[in-house]
Amino acid sequence: MKLLHGDICSQILKAFYSTYTILPSRLDKSFYVNFLLIEMQSLGLKVESNKKHSVFYKENLIGDINLDIVVNNSLY
C-alpha cells in the first residue's frame, strides 16, 4: 500500500528517530519540538510551528486550533 505522503512521512520519521536517540527523556516538550523542527529543516522539509488553523464542519467554522508543527503545508 502506498501512502499519500510517504516520502514526507519517511523524512519525518528519520527526524523523529534522530530526536529520540539524541535527546534525553523527560525534557520539556518545547525541547523536542525545537529539535525536531531543526532536524526536519536540515532534511529539506518546509516546517512551520505554532500555526493557527481553522476547523470547519459542514462549511461552518467550529473553532481554531494551534498546530505544533505543519510540514510542507500538507501534514499537521
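Two strands count as paired if DSSP finds at least two bridges between them, and strands (E, at least two residues) and helices (H or I, at least four) are DSSP runs numbered from the N terminus. With that in hand, strand 1 and strand 2 form a hairpin with two residues between them. This is a predicted model, where local features need pLDDT of at least 70 and side-chain atom pairs count only at pLDDT 80 or more, while totals for chains, interfaces and linings use all residues. Residues are numbered from 1 along each chain as its sequence is written, and side-chain values use heavy atoms, leaving out hydrogens and water.

**The hairpin**
- Strand 1 (residues 47–57) and strand 2 (residues 60–71) run antiparallel, joined by 10 bridges.
- Valine 47 sits opposite valine 71 in strand 2.
- In the turn, lysine 58 has a positive phi of about 50°.

- Searching the whole structure turns up two aromatic pairs (Phe, Tyr or Trp rings, the six-membered one for Trp, with centres within 6.5 Å; planes under 30 degrees apart are stacked, over 60 edge-to-face, the rest tilted).
- Phenylalanine 16 and tyrosine 17 are edge-to-face, because their ring centres are 5.2 Å apart and their planes at 65°.
- Phenylalanine 16 also forms a stacked pair with tyrosine 20, at 6.0 Å centre to centre and 25° between the planes.
- About one helical turn separates phenylalanine 16 from tyrosine 20, because they are four residues apart in helix 1.
- Ring pairs link Phe16, Tyr17 and Tyr20 into a cluster.

**Exposure**
- Tyrosine 20 is exposed at 60% relative accessible area (buried is under 20%, exposed over 50%, partly exposed in between, with a 1.4 Å probe and protein chains only).
- Phenylalanine 16 is partly exposed at 38%, and so is tyrosine 17 at 47%.
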